[in-house]
Structures are given as C-alpha cells and as structure tokens.
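Q: I have just opened this one and have not looked at it before. Can you walk me through it?

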Amino acid sequence: MLRRIFYILLIISVLNCNPPLSAAHDPSEYNIKAAYLYNFAKFIHWPDSAFNSAKAPLVIGVLGTNYFNGSLQPLTAKKVRNRVIEIKYFKSLAEIQGCHLLYISKSVKQNHNLILKKLSTQPILTVGGYKDFVKIGGIIQFITRRDRLRFSINLAVANQNNIHIDAQLLSLAAEVVGDKE
Amino acid sequence: MAFSKKDILTIFLVLLALALTSLPVRATEGDMLDLDLSSLMQIQITSAGRKAQNLTDVPAAVYVIDQTSLMNSGATSIPEALRMVPGLHVARISSSKWAITSRGFNGTFANKLLVQIDGRSVYTPSYSGVYWDVQNVVLEDVERIEVIRGPGATLWGSNAVNGIINIITKQSSATQGGLISAGVGNHEKLLATARYGTQFNKNTYARFYVNRHDQKAYELLADKTDAYDDWDMSNGGFRLDGDHNLTNSWTLQGDLYHGQNNQIDTLWVETPPYANSQIKNTASTYGHNLLARWTHKSSEKCSKSIQIYYDFTTRDESYLEQTNHTLDIDLQHRFQLGVSHDIVWGLGYRFNKDDFTNTYQVSVTPEKTTTDTISAFLQDEITLLPNKVWLSLGTKFEHNEYTGYEAQPNIRILFKPQENHSLWASISRAVRTPSRMESNGRITTAVIPPTPNRISIFGDSNFDSEELTAYEVGYRHNPFPNFSLDLALFYNDYSKLQSYSQESLIAPIFFSNTMEGETYGLELIVKWLPATWLETELGYSYINLSMDDDLTTGFSPVTTVEGSSPSNQISCRAQIELFENLHLNLWGRYTDKLTASSVAAVQNNIIVSDYFSFDANIKWVPIKGIELTIAGQNLLDSKHLEFVSEQFTLPTEIERSIYAKLNWKF
C-alpha cells in the first residue's frame with residue numbers, strides 16, 4: 001500500500017513538472033541573437049541602391065560557421081518595410097553578394113581585417129560577437145553584460161558604409177563609438 | 001481487477017516516460033522574434049555548468065558556498081549555512097547568540113575571524129568580533145559566501161588572522177522581479193521576505209527588500225525552563241547597480257535593521273547580594289549603512305575601484321550600551337607589469353567613533369573616542385613558469401592608534417604540474433589588533449562582600465597585538481569531471497595571545513599578552529557527483545591546539561583555548577534531484593566534544609558532549625515560480641548543548657527545528 005502511494009505521489013509530481021529549478025529551458029544565446037538581428041533590420045535604413053528593386057528581399061547573411069542552427073529560419077516568415085527576409089549562408093568572403101546584414105562568425109575572426117576591408121564602403125551592416133569587433137571596424141557587436149545580451153555600435157563605420165542607424169537603436173546601445181561629439 | 005506490483009511498475013514507467021517526453025514547453029523562436037529590443041535586453045542567459053570543481057588556482061584554503069548549496073542547506077541564517085564549511089567551528093550559544101571561528105579560539109567574543117558583507121566589515125571594534133544576530137542577509141539574494149581559512153591579512157587587513165568570510169550578494173540585475181517568501185515552524189516563529197527588483201533604465205538595475213525573522217526561545221540546560229532567548233529582527237534595504245560605457249560599473253547599496261533580543265543576563269550588581277543576579281531584559285539593536293563603489297575595468301587584469309561606506313550600529317544591553325560610527329574608504333588598482341607580473345595595490349582609511357553607556361558590570365573609559373586607521377597593501381603575482389608555477393608576494397602596512405605600525409606580509413606559491421593537480425604553500429604573518437575593551441575596558445568578574453571588594457578585568461593601554469605566523473600547504477586534485485578533492489594542512493605559531501594577569505586573588509586583573517601557542521590541523525573536502533541527479537560532499541576537519549602561558553600570577557585561558565575547539569568535525573551532504581521539480585537534501589554532521597568551552601563551563605563543570613546532527617529538507621516546485629520547502633534541523637535529538645558562553649548567557653540547549661516555507665517568485 002505504502003509503495004502504491006509512493007508511486008502515485010511520484011506520478012503526480014512528475015505530471016506537474018514545470019521546473020524552474022534548473023535553467024535547462026532557457027532560450028539559447030543564438031535564439032536571442034536571431035531576434036536581435038530581426039530587430040536591427042527594423043531600425044536600419046539602407047540606401048535604395050542596396051536593393052535591386054522595390055520588392056527585392058532584405059538579405060541576412062552568415063559568414064563562417066553557422067552557430068544559429070535553425071534559429072534564423074523563422075525570420076523568413078517576417079517582413080521588414082514590406083521586404084521579405086532571405087537568409088544566406090556564406091562559407092567564404094568571395095561568396096558574399098547581395099547581402100544587407102552580415103553576421104560574421106567567430107570562426108573567421110582571424111580574417112577580420114581582410115573581410116572588413118573588402119566590405120568597407122559597401123552598404124552592409126556587419127554584426128559580430130567576438131572581442132573588439134567594433135573597435136576594429138565592425139558596426140554592431142554583441143556583448144554580454146550582467147548575464148544579458150547587449151550590443152555596441154560603431155557609428156563612424158556605419159556612416160562610412162552609407163548605412164543609417166535609427167536614433168532609437170543608438171539609444172539602446174551599451175556603447176556607441178565613433179560618434180561625432 | 002487487481003493490479004500486480006509488476007503492472008503498477010509498468011504503468012508507472014509508461015506514465016513517467018509520457019511525462020518526461022511532454023515536458024519541455026520551450027518558447028519557440030517565433031515567440032522571441034515578437035519581442036522588442038528592450039525586452040531582448042532583459043533576457044538572462046544562464047550558463048549552466050555543473051561541475052565538481054573546487055577553486056584550483058588559489059594558493060589558499062578557500063571554500064565557497066554557492067547559491068544552490070545555500071538554498072539546499074535548509075539554513076535560515078548565515079551562521080547555520082557556515083556549518084558546512086570545513087575548518088570553521090559554528091556553535092550556537094542560544095537562540096540569538098553564536099560562537100563562530102576558523103581554526104580554533106572559539107567563544108562568544110571569537111576575535112580572529114573577519115567578516116565582510118559586500119566589502120563592508122561587520123567586525124565590531126569594541127570587543128573584536130561579530131554580532132551574528134544582526135547580520136540578517138536575505139539568503140535568496142546571496143550570490144556566494146567565500147570562506148578563506150587561514151590568514152587573509154595581506155589583502156583584507158588586521159583581524160583576518162584565522163580566516164575571513166566574504167558574504168557577497170547578487171547584483172540587482174540578477175534579482176529582477178518579485179520574491180515573496182514566508183515560513184513558519186516550531187522554532188522559526190516567522191521567516192518573511194519581500195523583495196522586488198526592477199530596471200530603472202537600460203543601464204541601471206535596482207532591488208528593494210524587507211525581511212523579518214522571529215525565533216522562539218530554547219530551554220536552559222540546568223532546569224529545562226524557558227531560556228527567555230526569543231528574538232526578532234526586522235531589516236530592509238536596497239541595492240542599485242549600473243554601468244557606464246563598457247568599462248565602468250557602480251553600486252550603491254544600503255540597509256537598515258532593528259532587532260529585539262530577549263535574554264537572561266547573569267550580572268554582578270552594585271548592591272547586596274551582588275552576586276550573579278539573573279536579569280531578564282531585552283537587548284535592542286539598531287543599525288544602518290550605505291555603501292558606494294565605482295569600478296573601472298579595462299580588462300580582466302586591469303581595473304581600478306574606489307569604495308566608500310558608512311556604517312552605524314548601536315546595541316543596548318543590560319550590561320552595556322555601545323554605539324559605533326564607521327567611515328571607510330578603499331582604493332584598489334590592479335594592473336599587469338610586463339607579461340609575468342599581476343599587481344594589485346591599494347590604500348585604505350577607516351574612521352571610527354564610538355560611544356558607550358557604562359554599567360557596573362561593564363564599562364569603558366573614556367566613554368567616547370575616535371580612532372583612525374590607515375593602511376596600504378601591495379601584492380604581486382608572478383608567473384614563474386606559464387601555466388605551471390606562480391609566486392605571490394605581498395604585504396599590508398597598517399597604522400592603528402593602539403599599537404602603531406603593523407606589517408602583515410605573505411608569500412604564496414602555486415604549482416600546477418598538470419591541469420587537474422595543484423599544490424600550494426604559503427607563509428604569512430597576521431595580527432589581531434587590540435579592541436577598545438582590551439585597552440580601556442573594565443569587566444566586573446566578582447564582588448566579594450562585605451566591603452564589597454569588586455574584582456574586575458581592566459583594559460591595558462599597553463596591551464599589544466596578538467601575532468601569528470602561519471605555515472600552510474594544500475593539494476587539490478580533479479581526477480574526473482565529477483570528482484574533486486581539496487586538502488589543506490596548517491601549522492600556526494601564535495605569540496602575545498590574550499591572557500589575564502593578577503597580583504593576588506583580590507587584586508585587579510589586567511589583559512596581558514603572555515600566552516603563546518601553536519595549532520596544527522587539516523581540512524579535507526571531497527565532492528563527488530555520481531549521477532546527474534546526485535551531488536555529494538564530504539568535509540572533514542581536525543585541529544590540535546597547545547598553548548603555553550608565561551603568566552606568573554593570575555589566570556590563564558590555556559585550558560579554555562585548548563578545550564573550546566572540537567578536535568574532529570565531519571559534514572556530509574547529499575543533494576538529490578528526485579525529479580526536476582522535487583529535490584531532497586540530506587546533511588549529517590559530527591562535532592567532537594568541547595572539554596572546556598569557556599571559564600564558565602570549567603567553573604560549572606560542564607563538558608559539551610560530542611554530537612551527531614542531521615538536517616533534511618524537501619523542495620517541491622508545483623508550478624513555475626512557486627517553491628515549497630519542508631525542512632528539519634537537528635532531527636536526531638530533541639535538544640543538545642553546543643557551547644557555554646564566557647559570561648552573561650546561561651547554558652542553553654539547541655532544539656530540533658522543523659519548518660515549512662513557501663517562496664513565490666514573479
């Protein structure tokens with residue numbers, strides 16, 4: 001009898017499972033990053049010349065190892081200023097074409113300078129997650145502060161690439177570098 | 001139709017499997033895309049790393065109580081949680097009084113352990129020690145408690161002779177949202193906490209809390225009557241944390257408390273019959289503090305910080321009323337010099353103003369005074385062989401108004417022959433500076449009729465610092481990711497320890513520095529995680545003390561120093577995850593006997609027997625945000641004695657405690 005009660009209690013406790021005791025079900029860092037990229041796209045204005053037509057899609061690219069797994073896929077169901085979003089994965093620098101927002105994976109960070117040199121003056125918003133990304137010419141860098149994902153912006157490079165960043169996005173940045181005082 | 005046991009088991013397993021597969025209700029990526037930027041900025045990324053790892057790169061005997069262990073311990077106060085730390089001796093004197101020490105010399109006025117809460121010292125300069133009843137931190141908001149056994153004087157300053165306890169609360173960014181917690185039990189009359197964390201703007205977080213802890217009385221050892229030691233503590237406070245750019249962060253925090261402790265004090269009085277009157281009274285405690293810290297951190301190994309705090313405490317008891325104002329300023333700078341030098345240096349200034357209201361039993365003359373303490377420290381960690389051998393050299397210089405200049409140097413070496421082996425050794429010097437009582441106090445110890453002749457212990461302005469030279473070695477090994485071992489051995493050589501000189505039996509007694517002695521011992525911590533749902537830890541400590549006194553006349557505390565520490569202590573804990581939402585925690589302890597816990601114990605022939613104690617609690621999370629705890633402490637016996645206080649407090653037995661507690665996070 002006791003054993004039966006024990007089992008019943010166990011079953012009840014299992015069925016009631018909704019466990020905040022462990023952090024196992026927290027969203028992964030890259031899910032949040034994907035949501036950030038979508039939000040960045042909403043606050044960035046690319047020059048018309050960056051698009052082939054008024055209906056042309058907004059292309060989000062990933063250069064190097066894709067740590068997002070499937071996290072970026074749901075973005076293709078979204079629209080930004082009436083443009084559909086297209087996701088492209090680039091293995092090498094040479095493949096990059098027709099891209100508006102480029103996430104540069106840490107797997108290619110040793111080629112950082114080369115990549116940015118090639119992309120400079122093109123209307124591409126570069127986003128990265130590795131150390132000193134904005135200091136050395138990237139436009140938006142993810143940073144972790146107080147266990148939360150934040151970002152910093154290099155405004156000078158954005159201007160140079162002819163990309164306009166909305167003031168609201170700038171105001172939410174943890175740090176803005178290259179801002180003309 | 002009857003089910004056989006086998007059927008039931010099968011049904012159970014099927015249900016279990018169903019339950020487990022239907023478990024995770026994950027927020028889909030689509031959901032997250034609908035969040036705006038400010039919501040995304042709120043999401044906490046938790047890096048779950050569950051490893052049986054001790055601190056491997058620290059050349060000192062360090063133990064950390066993390067938030068999980070603290071919550072799983074079932075402790076309702078900091079002292080109870082400290083019982084899990086090997087090398088510490090935690091003894092409860094009465095409901096509101098504790099004797100806590102590291103590596104020997106325990107007592108109500110244990111004075112060789114420094115305690116800090118978020119960088120603020122809670123060590124009382126009037127008698128050198130810690131009033132544990134007023135350190136009522138919200139345990140849910142504690143990030144970790146770091147305990148260093150052995151001298152920490154080079155970094156932390158005087159009085160960190162045998163150890164230092166750093167209680168570190170969470171940043172307010174980590175305590176966002178609400179928490180309401182309420183508990184009740186046979187001894188815990190009320191445990192209540194309300195905390196709310198919010199974000200002021202994108203770079204500023206805050207939390208506010210109020211807290212109340214009421215405890216019932218225990219019983220006296222002698223006649224099992226009410227010990228009249230019930231007490232309550234109310235406190236509240238706030239903490240703000242902010243960032244400025246990527247490199248600057250700041251903290252502003254403050255607390256306020258008020259407590260009322262019933263107690264029976266045995267005092268000598270001015271009128272016949274003089275002797276040991278037992279006076280029931282209510283001690284009143286009050287305090288507040290405010291701390292500000294600014295840190296500029298340009299990299300992991302390059303930072304500057306400035307910290308300022310003001311702390312006010314007052315304590316009004318039948319035998320003394322004491323008030324302390326403390327202002328403390330600390331500067332620290334850490335930087336790299338070349339490739340192999342990691343340098344930290346700092347400057348400190350502390351101002352203390354006290355005020356006593358004297359009684360016949362205890363007095364301090366002059367009743368008011370101010371003191372200044374100035375200090376500077378420098379420590380260089382030198383990488384002798386990259387990733388293999390480090391040498392650390394450092395010293396603290398301090399000037400205090402009682403003994404002048406004090407230097408407290410140390411040398412430490414860490415050797416890591418392999419990634420999972422580390423060996424360390426150290427030699428350090430530390431001092432305990434005199435308290436106001438030892439310099440200017442007067443404590444009545446007897447009144448002999450008919451004259452009456454009042455015998456007292458008098459403070460002596462020549463009373464000098466107690467000195468320690470400590471020799472330590474340690475070894476840590478992590479053979480498997482789920483197994484670790486941490487061993488520390490120490491030999492401590494003390495001189496100029498506090499003793500009491502007296503010309504004749506009826507002459508005044510003076511604090512003197514005539515005792516010296518040595519202690520040696522070891523502490524062992526083994527952590528083993530045999531399965532993902534089971535975490536176990538074994539702690540063992542051994543200590544031997546032998547003291548010697550040059551005193552020609554008077555009485556020496558040799559017996560009580562040697563007899564107030566348990567030779568052997570064992571702590572054994574298991575944290576069992578029965579289900580993701582149902583946790584069971586078990587904790588057994590053994591504490592060896594105390595042959596002479598104090599002079600009062602010796603006079604009354606009371607030996608504190610060795611005891612086993614067992615705590616257990618079960619935590620159940622029925623729905624997200626709600627946690628129900630049922631906990632039992634000291635389950636093995638209905639009551640036991642843990643310590644006999646030097647003075648004032650009658651021997652009191654610590655009872656079994658059972659409580660239920662509900663935590664609601666929203």
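**Overall make-up**

A: Chain B has nine helices and 39 strands as its secondary structure. Its radius of gyration is 26 Å, close to the 26 Å that the globule rule gives for 666 residues, so chain B is as compact as a globular protein of that length. Keep in mind that this is a predicted model.

Q: What does the C-alpha trace of chain B span along its principal axes?
A: About 90 × 75 × 45 Å.

Q: And how much of chain B is buried?
A: Of the 666 residues in chain B, 54% are buried. The chain exposes about 27,500 Å², and 60% of that comes from carbon and sulfur atoms.

Q: What share of the contacts in chain B join residues at least 24 apart?
A: The share is 62%, counted among contacts between residues at least 6 apart in sequence.

Q: Now chain A. How many helices and strands there?
A: Chain A has five helices and 10 strands. Buried residues account for 50% of its 181 residues. Of the contacts in chain A between residues at least 6 apart in sequence, 59% join residues at least 24 apart.

Q: What holds strands of a sheet together in general?
A: Strands in a sheet pair through backbone hydrogen bonds, in either a parallel or an antiparallel sense.

Q: How many bridges are there between E13 and E38 of chain B?
A: Two bridges, with strand E13 of chain B covering residues 219-220. Leu220(B) has Thr652(B) in E38(B) as its bridge partner.

Q: And on the E36 side, how many bridges to E38(B)?
A: Three bridges, again in the antiparallel sense, and E36 of chain B runs over residues 639-641. Lys639(B) is opposite Glu655(B) of E38(B), and His640(B) is opposite Ile654(B) of the E38(B) strand.

Q: Are the faces of E38 in chain B covered or open, and which residues sit on them?
A: Both faces of this strand, residues 652-655, are covered. Thr652(B) and Ile654(B) are buried on one side, and Glu653(B) and Glu655(B) are buried on the other.

Q: Different topic. Where is Asn262(B)?
A: Asn262(B) is in strand E15 of chain B, which covers residues 248-267.

Q: Buried or exposed?
A: Asn262(B) has a relative accessible area of 15%, under the 20% cut-off, so it counts as buried.

Q: What is Asn262(B) in contact with?
A: Leaving out neighbours within four places in sequence, Asn262(B) is in contact with Tyr228(B), Asp229(B), Asp230(B), Trp231(B), Asn281(B) and Thr282(B). With Thr282(B), there is also a polar contact of 2.8 Å between the side chains.

Key
Residues numbered from 1 in each chain as written. Chains lettered and ligands numbered in written order. Predicted model: local features only at pLDDT ≥ 70, side-chain atom pairs only at ≥ 80, totals over all residues. Heavy atoms only, no water. Buried < 20%, exposed > 50% of the residue type's maximum accessible area, 1.4 Å probe, protein only. Helix = DSSP H or I, 4+ residues; strand = E, 2+ residues; numbered from the N terminus. Pairing = 2+ DSSP bridges. Polar contact = N/O pair within 3.5 Å; in protein donor to acceptor, adjacent residues only side chain to side chain. Contact = heavy atoms within 4.5 Å. Rg over C-alpha atoms; globule rule 2.2 N^0.38 Å. Areas by Shrake-Rupley, 256 points an atom, 1.4 Å probe, with all protein chains shown as cover.
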